[in-house]
Amino acid sequence: MFTYEWALVLGIPSAWIGLFLLYCVRVAIHGRYRVARLETMSESLWLPRPLMEFGYWLYQAPVSGLHRLGVTANMLTLATLPLAMVAAMLIAGGRFGLGGWVLLISLTLDVFDGMVARLQGTSGESGGFLDATMDRYVDLISFSGFLFYYRDQSFSMLLVLAAMLGSMQVSYVRARGETLGITAEIGYMRRYERAVWLGAGTVLAPIGSFFFEPNNPHPTFHITLVIMALMAILSNLTAVLRILYVLRLLKRRKTVAGDTIDPEWESNHAG
């Protein structure tokens, strides 16, 4: 591994730890950094609220800088795509440490675009549509890098495929539910959770391979595969839970509309 890659793999996390300790001091003095956006989101087991508040606190300075420079939310949204392409190429070539950081930068810009839009008062349907569309491209392109790298390892490739399919379904079911007037914001490994876990798992993968397979010319990068397995299980489970949730509410809506009479619903609402 090249020296600068080790600097990225070890140096940047060290800087994040230092910043988090600084944030803890801020919390001790002024309390938690409250964000209206987070208040509308359900609690997450896989990405605790304090960590998300830390991220928003950390990002407020660069977001303000981008706003002053005249950078728009759509510019940031579009920038996520070429960065995802670069990350996929690096990952496909086995440069997981560097590729992971480029992937995290791409996913960070996906957070920035929403923050910039709210700061500039430009949030709207067109921006949301563009953001959701680019998200799907970024996800597919990112997974393609892993698929190419593991092309000769059947089991590893199947894990990546399962994680990719689950990730696509989680987003699709939510979007399709919203067109029916149902917000299926339930489950595990939602996009922001997947982004953090996959990015971190890719960045840290070279450290694991250095200790567990130091002489392997084509490392398996077990840390990344563990994350892929976790994503495969939880994202597909979430997709199923959301499907059942939407179907249950659609059935209830049909019942209330008088198309059918659900005995259980009738007994609960009798009198």
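The model is predicted: local features need pLDDT of at least 70, side-chain atom pairs count only at pLDDT 80 or more, and totals for chains, interfaces and linings use all residues. Residues are numbered from 1 along each chain as its sequence is written, and side-chain values use heavy atoms, with hydrogens and water left out.

The chain holds 10 helices and 0 strands. Helices (H or I, at least four residues) and strands (E, at least two) are DSSP runs, numbered from the N terminus. The C-alpha trace spans about 75 × 50 × 35 Å along its principal axes. Of the 271 residues in the chain, 42% are buried. Buried means under 20% relative accessible area, exposed over 50%, and partly exposed in between (1.4 Å probe, protein chains only). Contacts, defined as heavy atoms within 4.5 Å, were also examined by sequence separation. Among those between residues at least 6 apart in sequence, 76% join residues at least 24 apart.

The largest nonpolar core has 35 residues. Such a core is a set of buried Ala, Val, Leu, Ile, Met, Phe, Trp, Tyr and Cys residues joined through side-chain atoms within 4.5 Å. Phe-96, Phe-143, Phe-146, Tyr-150 and Met-228 have the most contacts inside this core. Two or more residues come from each of helix H4 (73-92), helix H5 (96-120), helix H6 (125-149), helix H7 (154-179), helix H8 (191-212) and H9. H6 gives the most, with 7 residues. Phe-143 is in contact with Val-160, Ala-163, Met-164, Ser-167, Leu-198, Met-228 and Met-231, leaving aside its neighbours within four places in sequence. Another core, of 22 residues, lies apart from the largest one. Leu-38, Met-52, Met-115 and Ala-117 are among its members.

Thr-77 is found in helix H4. Thr-77 counts as buried because its relative accessibility is 2%. Leaving aside neighbours within four places in sequence, Thr-77 is in contact with Asp-113, Leu-130, Asp-131 and Met-134.

A pair of aromatic rings is described by the distance of the centres and the angle of the planes. Rings of Phe, Tyr and Trp (its six-membered ring) pair if their centres lie within 6.5 Å; planes under 30 degrees apart count as stacked, over 60 as edge-to-face and the rest as tilted. By this rule the count comes to 13 aromatic pairs. Tyr-23 and Trp-57 form a tilted pair, with 5.2 Å centre to centre and 45° between the planes. This pair links distant parts of the chain. Tyr-23 lies in helix H1 (residues 3-30) and Trp-57 in helix H3 (residues 49-68), 34 residues apart. Tyr-23 is buried, at 3% relative accessibility. Trp-57 is also buried, with a relative accessible area of 16%.

Phe-210 and Phe-211 form an edge-to-face pair, 5.3 Å centre to centre with 85° between the planes. Phe-210 is partly exposed at 46% relative accessibility, whereas Phe-211 is exposed at 59%. One aromatic cluster is formed by Phe-96, Phe-146, Tyr-149, Tyr-150 and Phe-221.

The accessible surface of the chain comes to about 14,700 Å², and 68% of this belongs to carbon and sulfur atoms. Accessible areas come from the Shrake-Rupley method with a 1.4 Å probe; for residues, only the protein chains shown count as cover. Val-240 has its place in helix H9 (residues 222-256). With a relative accessible area of 44%, Val-240 is partly exposed.
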